[in-house]
Amino acid sequence: MPLPTSCTQPPPRPDARLADKARERQQVLTKPPGSLGRLEQLAIELAALQGSESPSVDRVHISVFAGDHGVCDEGISAFPQAVTAQMIANFASGGAAISVMARELGAQLEVVNLGTVGEVPALPGVWHQVIAQTSQNLAKTDALTHEQLQKAMNAGDQAAQRAADNRARLFIGGDMGIGNTTSAAALACALLDRRPEELVGPGTGLDAKGVSHKARVVQTALERHGEDREPLSVLASLGGFEIAGLTGAILGCAARRIPVLVDGFIVSVAALVATRQQPGVRDWLLFSHRSAEPGHQSVLAALNAAPLLDLHMRLGEGSGAAVAVPLLRTACALHNQMATFADAGVSDKPGA
Ligand SMILES: Cc1cc2ncn([C@H]3O[C@H](COP(=O)(O)O)[C@@H](O)[C@H]3O)c2cc1C
Ligand SMILES: O=C(O)c1cccnc1
């Protein structure tokens, strides 16, 4: 199975002409220029990304990628591996945080199961694209074979295609995989040339001793991995099925002109890999929130990203992105519906 073409071809550019038009419109709406702050920038950016004079985020597609991590053998999570599969059922039955948020937003929610240690029955809204029950223990060997990486990235690309088929105006990727803050920290250390103590955090709730142990596991993995910094080699070596799926989805969305609202630490690391693979992907990313997972800050800085929210969330699942959607919707509604100075007969001249 070859890699998706979005891995090898640069994505299209956003429409600069529509950005200019949207910027001009913001100047003539009945408010002091610039007074809506970042809401103005969001509307301008969405107009350019969606190629529309009337940007909108009415149709939101959320894909949660699930996969288990062999590195759980090292005791790096506060929770057991079985939770990954159990949560897939919870996503499908509507009880997970992202399920509630998707309902609130009227968003399309799907789960892509790339491989878990527990059995997952056929469930509505769950795509079973099982690659293996778990990735390999990245402290000891490459987490994914090249073939597994290709499968996971293609599964991500297929999610982007489903979003396109649903005419989604915005894509949100989410993660579910016990142990994935270890994998994401290892990827970030390798790609940003940082030490584990700088980027490793508590994840689901490790204490200080647990965090130190986790940093040592990441250090072992980095030493095993060596000097190779080719993005997809690093991803196969230190990633996981769901992080590779997310990377494929982000590349696939950029290729299909679908803006991506990036969630927390895990999805941001996938976005970092995607931009290392295709730098033009950065244009298609909006950043929702700063996760409480400490490594997120460095990943955001590397992506030159200033997220909209800081709610001290540290869940994943796409939840931080979902809570930011109403801000985007408000930005679009203001842009599309506010009166202009001319229409409303309001003076646009500063001064007496
Ligand atoms: C019930 C539950 C629901 C979750 N939803 C997302 N995560 C998040 O926590 C996990 C990463 O943290 P760590 O690396 O410490 O295992 C991932 O599954 C992530 O999606 C959850 C974790 C749990 C326990
Ligand atoms: O920010 C995240 O993505 C995150 C943080 C902790 C646990 N799982 C995910």
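Student: What share of the 352 residues of the protein chain counts as buried?

Tutor: In this predicted model, 54% of the 352 residues count as buried. The test for that word is 20 or more other C-beta atoms within 10 Å of the residue's own.

Student: Why is the protein chain called as compact as a globular protein of that length?

Tutor: The protein chain has 15 helices and six strands. Its radius of gyration is 20 Å, and the globule rule gives 20 Å for 352 residues, so the description applies. Along the principal axes, the C-alpha atoms fill a box of roughly 70 × 40 × 40 Å.

Student: How many residues has the largest nonpolar core, and which of them have the most contacts inside it?

Tutor: The core has 109 residues, and Ile250 and Val269 have the most contacts inside it. Helix 11 (residues 241-255) supplies the largest share, 10 residues.

Student: Why is this core said to lie between domain 1 and domain 2?

Tutor: Domain 1 (12-26 + 34-55) and domain 2 (57-337) both give residues to the core, so it lies between them.

Student: Which residues does Ile250 touch, not counting those up to four places away in sequence?

Tutor: Ile250 touches Gly173, Val260, Ala270, Ala271, Ala274 and Val281. A contact requires C-beta atoms within 7 Å.

Student: What makes up the shell around ligand 2?

Tutor: Three nonpolar, seven polar and three charged residues make up the shell. Of the 13 residues that surround ligand 2, the closest are Gly264, Phe265, Ile266, Ser291 and Gly316. Gly counts as polar and Phe as nonpolar in this division.

Terms used
Residues numbered from 1 in each chain as written. Chains lettered and ligands numbered in written order. Predicted model: local features only at pLDDT ≥ 70, side-chain atom pairs only at ≥ 80, totals over all residues. Near = placed C-beta within 6 Å. Helix = DSSP H or I, 4+ residues; strand = E, 2+ residues; numbered from the N terminus. Rg over C-alpha atoms; globule rule 2.2 N^0.38 Å. Buried ≥ 20, exposed ≤ 12 C-beta atoms within 10 Å, placed from the backbone. Core = buried A, V, L, I, M, F, W, Y, C linked by C-beta atoms within 7 Å. Domains from an automatic or database assignment. Contact = placed C-beta atoms within 7 Å.
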